Structure formats: structure tokens, C-alpha cells
Amino acid sequence: MNYTVVGLFPNQKFAKEISEGIEESGIKNEDYIIYKTNKNSSKEEKRNFWKKLLGLKNTQASAEVESLITSVAVRNEEELNNIKKSFEKNDVVKIYEFQDMTIEEAKNLDYVKKIVELRAKSQIYSMPQMTISRGAISEGINTEVRA
């Protein structure tokens with residue numbers, strides 16, 4: 001059994017804890033990838049410079065979504081369970097298991113995003129359709145309001 005497990009986390013502030021949890025699970029450093037985005041702070045520094053120069057008050061910057069994606073190569077069921085526990089301990093949003101993705105393929109973040117997106121869409125499309133009965137619901141409410 002060879003899997004690549006992809007974990008989606010809400011932010012990057014626990015990247016170190018996630019890395020430590022993976023290594024405590026027995027996974028080697030070369031068998032996992034944590035994709036971190038580097039903030040480009042030069043634009044913000046320029047804005048702050050002009051705000052200081054012109055005497056403008058600092059406005060709170062809009063919150064930017066800093067999600068974290070982690071890929072781990074798993075070789076057996078025990079490693080898979082340990083990784084899932086480690087991810088859940090660090091507030092994972094969603095875990096995907098890919099049997100057909102190698103850790104070499106997972107090094108390409110755009111490829112990982114594309115595969116995760118396809119898997120998420122397929123799960124949405126496989127949900128059962130819901131029907132809404134408009135006549136019976138509105139009549140029941142009108143009856144209760146009149147009484």
C-alpha cells in the first residue's frame with residue numbers, strides 16, 4: 001500500500017507543530033512536503049511609508065487567507081492512521097488519500113491543487129439531489145398563522 005496523503009489546514013501558524021507531528025509518526029523528512037507561502041511584504045511596507053509620511057492613520061489590513069497544504073508519503077496502514085491522528089491534532093480541515101500520486105508528483109504544488117480540486121468537485125457531484133415541496137410547506141405555515 002502506497003499512498004500520498006494531503007492535509008489541508010486553515011492557516012500556517014502551526015506549520016512547525018505539523019512537521020514535528022509527522023516526524024513523530026515515523027515519517028522521514030524526505031517523505032513529506034509542507035507548502036508555505038512567502039508573504040510579499042514590500043507593497044505593505046511602501047503603503048506604510050506613505051501613511052507615515054502623510055500622517056495618515058494606520059488602517060487594519062484585510063485578513064488574508066493563509067492556508068497550509070501538506071503532502072505525506074505513506075507506506076502502510078499504521079503510518080496512515082498515525083498521520084491522520086497527527087493532522088487531526090493540528091486542526092486539519094480536510095484529508096485526502098491518493099493512491100495514484102507519488103511524493104515526486106506531490107512536489108508540484110499546482111498539480112496537488114488540481115488533483116484536490118478534482119476530488120472535491122467529484123464529491124460534490126456525487127451528493128444526492130434534494131427536492132423542495134413548495135405547496136405543502138407554505139399551506140401548513142399559513143394555517144398555523146391564521147389560528
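The side chains of Arg75 and Asp31 meet in a salt bridge, with 3.0 Å from N to O; the term covers a side-chain nitrogen of Lys or Arg within 4 Å of a carboxyl oxygen of Asp or Glu. Arg75 sits in the loop between strand 3 and helix 3, and Asp31 in the loop between helix 1 and strand 2 (32-35), so the pair ties together parts that are 44 residues apart in sequence. Helices (H or I, at least four residues) and strands (E, at least two) are DSSP runs, numbered from the N terminus. Arg75 is partly exposed at 42% relative accessible area, while Asp31 counts as buried at 10%. Buried means under 20% relative accessible area, exposed over 50%, and partly exposed in between, for a 1.4 Å probe and protein chains only.

The model is predicted: local features need pLDDT of at least 70 and side-chain atom pairs count only at pLDDT 80 or more, whereas totals for chains, interfaces and linings use all residues. Residues are numbered from 1 along each chain as its sequence is written, and side-chain values use heavy atoms, with hydrogens and water left out.

The whole structure holds 4 salt bridges. In one of them, Glu97 pairs with Lys84, the closest N and O atoms being 2.7 Å apart. Glu97 belongs to strand 4 (residues 94-98) and Lys84 to helix 3, so this pair ties together parts that are 13 residues apart in sequence. Glu117 forms a salt bridge with Lys121, at 3.3 Å between the closest N and O atoms. These two residues, Glu117 and Lys121, are 4 residues apart in helix 5 (residues 109-125) and therefore separated by about one helical turn.

The nonpolar interior comes next. A nonpolar core is a set of buried Ala, Val, Leu, Ile, Met, Phe, Trp, Tyr and Cys residues joined through side-chain atoms within 4.5 Å. The largest such core has 15 residues, of which Val5, Ile22, Val72, Val74, Ile83 and Phe87 touch the most other members. Strand 1 (3-9), helix 1 (15-24), strand 3 (68-74) and helix 3 (77-89) each supply at least two residues of this core. Apart from it lies another core, of 14 residues, including Val6, Leu8, Ile69 and Ile103.

Val5 is part of strand 1 and is buried at 0% relative accessibility. Its C-alpha atom is 7.0 Å from that of Val74, 69 residues away along the chain. Leaving out residues up to four places away in sequence, Val5 touches, among others, Val72, Leu80, Ile95 and Tyr96, where contact means heavy atoms within 4.5 Å.
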